Amino acid sequence: MKRILVLLAFALITLPLAAQIRVRGMVTSQTADPEPIGGATVYAPNLQLGTTTDSLGKWELTLDQTKFAKYVLLQFRSVGFQSAVVTVQLNGQKDDYRTDISLRPEVYQLEGLVVRSVRVEEREPFVGYNLSC
């Protein structure tokens with residue numbers, strides 16, 4: 001009887017460990033010389049689970065197999081880059097999936113800034129200025 005309880009407890013402890021899937025990858029810039037993007041966010045909205053990339057652009061998510069169907073949707077975002085969405089097909093035959101992605105730089109054209117000032121007499125207590133964009 002004691003053996004059966006020990007085996008049952010061992011099975012209950014190791015069952016959740018076998019039901020986890022690892023999805024990992026690397027985020028780089030889509031330029032002539034691709035560089036890793038550190039600090040980019042990787043988010044799975046249907047699981048409400050996310051992470052950020054390290055300084056080498058690497059990321060990893062551990063998914064509980066009972067929380068998803070046959071795919072997981074991943075959103076990649078970083079400041080200065082266009083966001084991207086990727087669907088990872090989970091076929092159930094393996095527990096380690098790799099998804100590398102390149103984010104396209106997003107360039108903003110800023111308008112000029114004009115600063116004007118007015119020279120004021122010494123006896124007046126204020127300085128006049130005007131900013132326009």
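Tutor: The accessible surface of the protein chain comes to about 10400 Å², and 55% of this area belongs to carbon and sulfur atoms; such areas come from the Shrake-Rupley method with a 1.4 Å probe, and for residues only the protein chains shown count as cover. The model is a predicted one, in which local features need pLDDT of at least 70 and side-chain atom pairs count only at pLDDT 80 or more, while totals for chains, interfaces and linings use all residues. Residues are numbered from 1 along each chain as its sequence is written, and side-chain values use heavy atoms, with hydrogens and water left out.

The protein chain holds 1 helix and 10 strands, where helices (H or I, at least four residues) and strands (E, at least two) are DSSP runs numbered from the N terminus. Read from the N terminus, the order of the elements is α-β-β-β-β-β-β-β-β-β-β. Of its 133 residues, 23% count as buried; buried means under 20% relative accessible area, exposed over 50%, and partly exposed in between (1.4 Å probe, protein chains only). Of the contacts in the protein chain with a separation of 6 or more, 47% are between residues 24 or more positions apart, a contact being heavy atoms within 4.5 Å.

The part requested is next. Side chains of opposite charge can pair when their charged atoms come close. The structure holds 4 salt bridges, each defined as a side-chain nitrogen of Lys or Arg within 4 Å of a carboxyl oxygen of Asp or Glu. R22, R24, E60 and D96 are linked in a network of such bridges. Because R22 lies in strand β1 and D96 in strand β7 (residues 96-98), the pair ties together parts that are 74 residues apart in sequence. D96 in turn forms a salt bridge with R24, whose closest N and O atoms are 3.1 Å apart. As D96 belongs to strand β7 and R24 to strand β1, this pair ties together parts that are 72 residues apart in sequence. D96, at 25% relative accessibility, counts as partly exposed, as does R24 at 27%.

A nonpolar core is a set of buried Ala, Val, Leu, Ile, Met, Phe, Trp, Tyr and Cys residues joined through side-chain atoms within 4.5 Å. The largest one has 21 residues, and those with the most contacts inside it are V23, V27, W59, V72, L74, F76 and L103. Two or more residues each come from β1 (20-29), β2 (41-44), β4 (58-64), β5 (71-77), β6 (84-89) and β8 (101-103). L74 touches, among others, V23, V42, W59, L61 and V86, not counting residues up to four places away in sequence.

Rings of Phe, Tyr and Trp (its six-membered ring) pair if their centres lie within 6.5 Å; planes under 30 degrees apart count as stacked, over 60 as edge-to-face and the rest as tilted. A search of the whole structure finds 1 aromatic pair. W59 and F76 form this edge-to-face pair, at 5.7 Å centre to centre and with 65° between the planes. W59 in strand β4 and F76 in strand β5 are 17 residues apart, and both are buried.

β2 and β3 run antiparallel and are joined by 4 bridges, strands being paired if DSSP finds at least two bridges between them. V42 stands opposite T51 in β3. The hairpin has 4 residues between its strands, and Q48 in the turn has a positive phi of about 50°, although Q48 is not a glycine. Q48 is exposed, with a relative accessible area of 66%.
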